Amino acid sequence: MTRIALSLTINGQTHDVLAEPHRTLLDVLRTDLGLIGTKENCLEAECGVCTVLLEGAAVNACILLAAQCQGRAIVTIEGLAAPGQLHPLQRAFIDHGAVQCGYCIPGMILAAKAYLDTNPEPDGDGVREALAGNLCRCTGYQRIIDAVLSAARALRTSPPSQAAR
Ligand code: FES
Ligand code: FES
């Protein structure tokens, strides 16, 4: 099949790839670019493990064509914080014991990031609703909710220049 040249902006860097028009962003991220922090599971927008940020909004990369993402800023879990650093959300998930097998966590954290960017003072119900599309089979969710609320507090008190993206 004919491949098309794509120029994708991921974590602030431009990546040129050749890909068939039907290929998803998730497939290109993992297979072509080695960004395997974005997980795959249901492939039909039901579980949220493939969540990335597209122009700041949380999207399911498994149902998004890579070709639809040209010229739009994509952030994966690998680009959430500067190398060697943790985003306050990542720190809070660790501190609250919100990570068990970890498979859902990249998507969960990016969905939370998109939510906190527009809702910096959330309550538990708001966080729960925002993360309703991200399934976790391990944690029972409460520790995840607690971690997101804690990260929201940390982000409010940290100077923006010190906060990760
Ligand atoms: S793999 Fe994309 S939502 Fe499940
Ligand atoms: S920590 Fe295992 S699926 Fe969420």
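Two strands count as paired here if DSSP finds at least two bridges between them. Helices (H or I, at least four residues) and strands (E, at least two) are DSSP runs, numbered from the N terminus. The model in these views is predicted: local features need pLDDT of at least 70, side-chain atom pairs count only at pLDDT 80 or more, and totals for chains, interfaces and linings use all residues. Residues are numbered from 1 along each chain as its sequence is written, while chains are lettered from A and ligands numbered from 1 in the order in which they are written.

**View 1. The hairpin of β1 and β2 opens the tour.**
Strand β1 (residues 4-10) and strand β2 (residues 13-19) run antiparallel and are joined by seven bridges. To find your bearings, look for Leu8, which stands opposite His15 in β2. Two residues lie between the strands of this hairpin, where Asn11 takes a positive phi near 50 degrees. β1 also pairs with strand β5 (residues 73-75), here in the parallel sense over two bridges. Thr9 has Ala73 in β5 as its bridge partner.

Gln13 is exposed because 9 other C-beta atoms lie within 10 Å. Pro106 is 93 residues from Gln13 in sequence, and the two C-alpha atoms are 19 Å apart in space.

**View 2. A second hairpin is built from β3 and β4.**
Four bridges pair β3 and β4 in the antiparallel sense. Here Val52 stands opposite Val59 in β4. This hairpin has two residues between its strands, and Glu55 takes a positive phi near 50 degrees.

The chain is divided into domain 1 (4-79) and domain 2 (88-157), with bounds that come from an automatic or database domain assignment. Their C-alpha centres lie 21 Å apart. The contact takes 14 residues from domain 1 and 13 residues from domain 2; two residues are in contact if their C-beta atoms, placed from the backbone, lie within 7 Å. On the side of domain 1 that touches domain 2, β3 (51-54) and β4 (57-60) each supply at least two residues. Which element gives the most to that side? The answer is β3, with three residues. The residues of this side of domain 1 divide into eight nonpolar, five polar and one charged. In this count, Ala, Val, Leu, Ile, Met, Phe, Trp, Tyr, Cys and Pro are nonpolar, Asp, Glu, Lys and Arg are charged, and the others, Gly among them, are polar.

**View 3. Leu110 is a residue of helix α3.**
Find Leu110 in helix α3. Leu110 counts as buried because it has 26 C-beta neighbours inside 10 Å. Leaving aside residues up to four places away in sequence, Leu110 touches Thr51, Val52, Leu53, Ala58 and Ile77. Asp95 is 15 residues from Leu110 along the chain, and 17 Å separate their C-alpha atoms.

Pro88, Leu89, Gln90, Ala92 and Phe93 are buried in α2. What covers these buried residues includes α3 and α5. Just after α2, Gly97 takes a positive phi of about 60 degrees.

**View 4. Helix α5 packs against other helices.**
Helix α5 (residues 142-157) has 16 residues and reaches 23 Å from its first C-alpha to its last, close to the expected 22 Å. That expected span is 1.5 Å times one less than the number of residues in the helix. Its buried residues are Ile144, Ile145, Ala147, Val148, Leu149, Ala151 and Ala152. These pack against α2 (88-95), α3 (105-118) and α4 (124-130).

**View 5. Stepping back shows the whole chain.**
How many helices and strands does the chain have? There are five helices and five strands, running β-β-α-β-β-β-α-α-α-α from the N terminus on. The C-alpha atoms fill a box of roughly 50 × 35 × 25 Å along the principal axes. Of the 165 residues in the chain, 39% are buried.

Key:
Buried ≥ 20, exposed ≤ 12 C-beta atoms within 10 Å, placed from the backbone.
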